[in-house]
Amino acid sequence: DNTLTIINVTLGYFMPVIILCSLYYIIWRHVARRRRSMSSFREGQDIEMGVKRKKKRLIMTQKATRTIGLIVLVFIVTCLPFTLMLIVYMFTRPTISNAAVWVIFKIGYGLQCFNSTVNPVCYALGNPAFRNTLKSMVLGKQHQQTSMQEPRTRSTNF
């Protein structure tokens with residue numbers, strides 16, 4: 001039974017945390033490198049269109065990196081109590097009363113399920129189209145009329 005708990009904790013929490021944090025670190029390094037390369041351009045200078053696009057992409061990448069970081073943090077915070085409970089229970093099984101274990105289990109499991117609820121919300125709030133739609137729904141028709149104006153079209157030269 002302890003072997004199954006160790007496998008569950010390792011595969012269900014520690015491996016995903018290691019993988020998520022490693023990938024996030026790689027993304028963060030990439031964004032930091034791009035930020036350093038873009039910092040060589042001074043504000044107020046005439047900037048050619050390619051550099052403006054690069055800056056816009058950098059800003060979007062930074063926002064995506066923050067969203068991913070938030071998701072990793074939410075995963076760690078919401079899944080850690082249940083994982084710790086499994087580890088503590090494995091070593092102290094004979095000494096803990098069943099009522100205490102049941103309460104701790106329910107809280108930890110509830111937080112772990114809450115992670116599944118919060119993740120889509122984090123992704124959705126990171127999406128500008130979703131945020132604008134949500135604002136128009138919450139604020140009503142006044143905001144909807146101003147935010148739903150015809151978008152500017154870009155002329156294309158062939």
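Predicted model: local features only at pLDDT ≥ 70, side-chain atom pairs only at ≥ 80, totals over all residues.

Colleague: Okay, aromatics next. How many aromatic pairs does the structure hold?

Modeller: There are six aromatic pairs. Take F82 and F105: their ring centres are 5.5 Å apart and the planes sit at 55°, so this pair counts as tilted.

Colleague: Why tilted and not edge-to-face?

Modeller: Because edge-to-face needs planes over 60 degrees apart and stacked needs them under 30, and the planes of F82 and F105 are at 55°.

Colleague: Which helices do F82 and F105 come from?

Modeller: F82 is in helix α2 (residues 49-92) and F105 is in helix α3 (residues 98-125). The two are 23 residues apart, so the pair links distant parts of the chain.

Colleague: Is F82 buried or exposed? And what about F105?

Modeller: F82 is buried, at 11% relative accessible area, while F105 is partly exposed, at 28%.

Colleague: Which residues make up an aromatic cluster?

Modeller: Y13, F14 and F75 form one. F14 also turns up in a nonpolar surface patch.

Colleague: Tell me about that patch. What is its accessible area?

Modeller: About 990 Å² for the residues together. Among them are I7, L11, M15, Y25 and W28. M15 lies in helix α1 (residues 2-38) and is partly exposed, with 37% relative accessibility.

Colleague: Switching to cysteines: how many disulfides?

Modeller: The count is zero. For C79, the nearest cysteine sulfur belongs to C113 and is 9.2 Å away, whereas a disulfide needs the sulfurs within 2.5 Å.

Colleague: Last one, helix α4. What span should its 12 residues have, and how far apart are the end C-alpha atoms?

Modeller: Helix α4 (residues 128-139) should span 16 Å at 1.5 Å a residue, and its end C-alpha atoms are 16 Å apart, so the two agree.

Colleague: What follows α4?

Modeller: G140 does, and its phi is positive, near 95°.

How values were computed: Residues numbered from 1 in each chain as written. Heavy atoms only, no water. Phe/Tyr/Trp six-rings, centres within 6.5 Å; stacked < 30°, edge-to-face > 60°. Helix = DSSP H or I, 4+ residues; strand = E, 2+ residues; numbered from the N terminus. Buried < 20%, exposed > 50% of the residue type's maximum accessible area, 1.4 Å probe, protein only. Expected span 1.5 Å × (residues − 1). Patch = residues over 30% accessible without salt bridge, like charges linked within 9 Å, V, L, I, M, F, W, Y side chains within 5 Å. Areas by Shrake-Rupley, 256 points an atom, 1.4 Å probe, with all protein chains shown as cover. Salt bridge = Lys/Arg side-chain N within 4 Å of Asp/Glu carboxyl O.
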